[in-house]
Amino acid sequence: MSDPAPHRSPDYEAVAASEPFQRLRRRHRGFVFPLAVAFLLWYFVYVLLAAYAHDLMATPVIGNVNLGLLLGLAQFVTTFVITMAYVRFANRRMDPEATAIRHELEEAEK
């Protein structure tokens with residue numbers, strides 16, 4: 001019996017330094033960081049309003065529904081909107097390049 005070919009490990013540091021990987025990394029950070037900052041600002045405004053602007057948050061809108069309740073619901077909905085936006089962005093702009101990089105790594109392992 002012959003010995004199988006020795007297993008080669010891909011040069012992950014070279015892949016991480018490559019232009020396609022760096023472009024993918026910039027694209028990811030360019031989407032995630034601004035969106036994270038915007039959401040955190042929105043969240044902190046909500047928390048500060050809830051903590052210090054009781055009268056404003058208790059403003060009735062419709063019946064027993066007040067502004068605080070609507071803003072809290074908006075916080076909840078915002079998380080889903082951000083998730084849907086990221087998934088759509090990743091599917092269109094990141095996954096094809098990430099798949100190509102993964103295939104290159106898998107080929108290097110063979």
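This is a predicted model: local features need pLDDT of at least 70, side-chain atom pairs count only at pLDDT 80 or more; totals for chains, interfaces and linings use all residues.

Residues are numbered from 1 along each chain as its sequence is written, and side-chain values use heavy atoms, with hydrogens and water left out.

**Exercise 1.** Find the residues of the largest nonpolar core.

Solution. Start with the term: a nonpolar core is a set of buried (under 20% relative accessible area, 1.4 Å probe, protein chains only) Ala, Val, Leu, Ile, Met, Phe, Trp, Tyr and Cys residues joined through side-chain atoms within 4.5 Å. Next, list the five members: L24, F89, M94, I101 and L105. Helix α4 (residues 67–109) gives the largest share of this core, four residues. Helices here are DSSP runs (H or I, at least four residues), numbered from the N terminus.

**Exercise 2.** Classify the ring pair of Y43 and F44.

Solution. Rings of Phe, Tyr and Trp (its six-membered ring) pair if their centres lie within 6.5 Å; planes under 30 degrees apart are stacked, over 60 edge-to-face, the rest tilted. The structure holds four aromatic pairs. For Y43 and F44, the centres are 5.8 Å apart and the planes at 55°, so this pair is tilted.

**Exercise 3.** Decide whether F76 is buried or exposed.

Solution. Exposed means over 50% relative accessible area. F76 has 51% relative accessibility, so F76 counts as exposed.

How values were computed. Helices (H or I, at least four residues) and strands (E, at least two) are DSSP runs, numbered from the N terminus.
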